[in-house]
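Subject: Two-chain model for you to look over

Dear colleague,

Please find below the structure I promised to pass on to you. Could you open it alongside this message as you read?

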Amino acid sequence: MASPGVALGTRRRSRYGLRTAALAYVGVIVLLPLGVILWRTIRQGGSAFWDAVSSAQAQEAFRLTGIVAGSAVVINTVFGIGVALLLTRYRFPGRRMLSLFVDLPMSVSPIVVGLALVLVYGPYNGWFGKGLHNAGFEVIYAVPGMILATTFVALPLVVREIVPVLEDEGIDQEQAARVLGASAWQRFRRITLPTIKWALMYGVVLSIARSIGEFGAVKVVSGNISGSGQTQTATLLVDERVEQLEPGAYQVAVVLIAIAVLAIVIVSLIRPKEEAP
Amino acid sequence: MSIEAKGIVKRFGSFVALDDVDLSVPSGQLTALLGPSGGGKSTLLRIIGGLESPDAGSVLIDGVESTGVPAQRRNVGFVFQHYAAFKHLSVYRNVSFGLEIRKRPKDEIRRRVHELLELVHLEQFGQRLPSELSGGQRQRMALARALAVEPKVLLLDEPFGALDVKVRKELRDWLRRLHDEMHVTTLFVTHDQEEALEVSDQLVVINAGRIEQVGTPDELYDRPANRFVMEFLGPVTTLNGAAVRPHDIELLDTPNDAAVPGEVVRLTRVGFEVRVEVRAAGADTWVQITRGQAEALALAVGSRVWLRAAPHAGAWTLPDYGRADIGEDGLRGAGTAEPGGPGAGADEGGRSRIGAGPAS
């Protein structure tokens with residue numbers, strides 16, 4: 001049997017080993033590539049940054065990203081709360097099926113999502129697309145399709161953050177509020193919403209990050225049009241600049257990264273240090 | 001304000017939680033619903049509170065038909081086993097919740113909440129969060145919250161079930177005193193027979209979706225309608241083929257015509273009482289006596305003793321058919337006690353149906 005000192009040494013060594021491995025893993029996979037982009041942006045200087053992000057095309061791309069991601073986040077927040085309540089508060093046939101479907105967007109490739117949306121809403125041979133096109137409402141190669149695609153890929157994020165909290169808390173508090181005279185809306189506003197507040201906020205931030213960064217599905221449904229009638233979002237713009245070896249890719253990418261990092265930092269700052277029991 | 005439940009039936013899938021139950025809670029009384037878990041008592045309470053709806057039957061609160069009235073408009077107070085504290089609200093805001101919902105004026109709310117916090121001895125804790133309170137304090141807060149809206153009736157679902165023994169006893173006494181001051185009609189669910197016997201004015205024993213017996217704690221303890229009630233409310237042993245409470249057996253050290261001879265096989269002292277296990281006429285039985293009695297009889301393992309049902313009033317025996325199959329005939333009082341004594345016997349016995357088959 002090993003002496004206690006040796007055992008302690010082994011344990012300490014394995015702890016440092018694990019720590020190094022974890023840091024190296026995150027460093028190589030996440031920090032290094034992001035760092036390179038930041039480095040290149042800084043090296044090209046302030047005026048290059050300004051030129052890249054203030055061009056008409058970049059401005060329009062940011063505006064589109066804002067509209068598309070913003071709409072998708074609002075839709076996913078409202079329906080995410082609804083679906084989470086449905087999954088946790090009601091027992092109905094098909095509940096497990098619904099739960100599985102909510103996770104589906106996580107595993108389906110965004111390109112496939114885009115393709116599927118084109119097949120359903122495409123203006124010439126889509127199932128509904130033709131009718132909508134004839135009625136003057138464009139889905140594919142237009143903003144509504146891009147919102148649809150983004151909503152689809154970010155759908156599970158809000159639901160999956162809220163469901164565990166709702167399950168943990170149970171329905172006692174809501175029932176207590178009910179017996180005290182609170183209507184359904186009052187129970188939601190005064191009890192349920194404060195209970196899921198942090199999980200919801202975290203889910204929304206993840207959704208924002210995911211929606212801003214969405215590329216594949218949006219590329220397929222948007223047609224990636226630049227110039228007049230632009231449907232090119234910020235991520236598509238980055239892609240175009242990289243493909244065509246034109247300047248501006250790093251700068252726009254840095255703005256996207258900064259927004260995502262900022263959102264996560266804000267949440268971790270305002271989230272209470274100690275989890276309320 | 002009375003509570004009346006008539007013909008309540010509730011099923012969960014194929015499980016029958018309540019099977020044609022009638023319950024009447026008189027105004028101003030403290031009534032306990034006592035029974036084993038899964039017996040349907042909480043379901044009945046939740047139906048009265050409007051948190052479940054019955055498959056059949058009706059609920060009248062204060063004489064008003066309430067079966068279809070949603071919980072938020074019944075104006076009942078409900079206290080949950082696990083407190084159901086609003087975790088994100090201070091103690092003060094927890095108690096004021098119902099009044100805020102009712103849009104009462106601010107200064108009326110302030111006055112009422114302070115009154116209630118004083119009543120439940122939490123006046124120092126108004127600004128704390130529920131997580132900063134002990135279990136007993138949380139439950140007192142929940143009680144103040146329920147009382148704040150001046151409910152017609154107060155319903156408590158295993159209110160002390162999550163607390164440790166010492167706090168349970170304190171809160172139990174305190175609830176009784178509170179009830180004596182406020183006189184709000186109270187129905188509380190418990191599976192603890194000691195709690196029910198100690199606190200309640202009226203006791204309702206419920207098992208397997210049916211009411212077994214209704215009466216005062218003394219009536220039920222002394223004259224149980226059937227073996228189930230007898231066993232649930234206190235210790236039971238058998239003597240001469242009849243079920244009897246072990247403290248209702250008299251131990252004699254001289255032969256007696258009416259007594260069963262036996263031999264002491266084991267003596268166990270638990271605090272002030274002594275459990276005497278006796279092999280009598282081939283069957284084992286046990287007797288509960290005080291330390292003083294045991295010393296006076298000079299009992300030891302191997303002593304010859306004679307056992308008989310104590311002749312004093314209150315002793316009650318039931319024919320012993322074993323636990324599993326007690327037929328309707330076995331439900332009436334028999335043995336040494338007066339048959340068909342008040343509050344027990346045929347009346348309640350006829351309603352109860354433990355064990356489907358005939359007694360054999």
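Predicted model: local features only at pLDDT ≥ 70, side-chain atom pairs only at ≥ 80, totals over all residues.

Residues are numbered from 1 along each chain as its sequence is written, and chains are lettered from A and ligands numbered from 1 in the order in which they are written.

Chain A has eleven helices and zero strands, where helices (H or I, at least four residues) and strands (E, at least two) are DSSP runs numbered from the N terminus. Its C-alpha trace spans about 70 × 60 × 35 Å along the principal axes. The radius of gyration of chain A, taken over C-alpha atoms, is 23 Å, whereas a compact globule of 277 residues would have one near 19 Å (the globule rule is 2.2 Å times the number of residues to the power 0.38).

Within chain A, the axes of α2 (residues 56-89) and α8 (residues 184-213) come within 9 Å and cross at roughly 145°; axes are lines fitted to C-alpha atoms, for helices over the stretch in contact, and angles run from 0 to 180 degrees between N-to-C directions. The crossing of α2(A) and α8(A) is right-handed, a term used if the near helix is turned clockwise from the far one by less than a right angle. The residues in contact (C-beta atoms, placed from the backbone, within 7 Å) include A:A69, A:A72 and A:V73 of α2(A) and A:V204, A:S207 and A:I208 of α8(A). By class, the residues of this contact are six nonpolar, seven polar and no charged, with Ala, Val, Leu, Ile, Met, Phe, Trp, Tyr, Cys and Pro counted as nonpolar, Asp, Glu, Lys and Arg as charged, and the others, Gly among them, as polar.

In chain B, four strands form an open antiparallel sheet in the order β2-β1-β4-β5; strands pair if DSSP finds at least two bridges between them. Strands β2 (15-25) and β5 (64-65) of chain B stand at the edges with a single partner strand each, so one side of each is left without a neighbour in the sheet. Strands β1 (residues 3-12) and β4 (residues 56-61) of chain B are joined by five bridges, and B:K6 has B:S58 as its bridge partner in β4(B). Helix α1 (residues 41-49) of chain B lies across β1, β2 and β4 of chain B, at about 120° to β1(B).

Further along chain B, β14 (residues 260-270) pairs with β15 (residues 273-280) in the antiparallel sense over eight bridges, and in their hairpin, which has two residues between the strands, B:G271 takes a positive phi near 60°. Four bridges also join β14(B) to the antiparallel strand β17 (residues 304-309) of chain B, where B:V260 stands opposite B:L307.

Finally, the contact of the chains takes 18 residues from chain B and 17 residues from chain A. On the side of chain B that touches chain A, the elements giving two or more residues are β6 (76-79) and α2 of chain B, and α2(B) gives the most, with three residues. That side of chain B has ten nonpolar, six polar and two charged residues.

With best regards

How values were computed
Contact = placed C-beta atoms within 7 Å.
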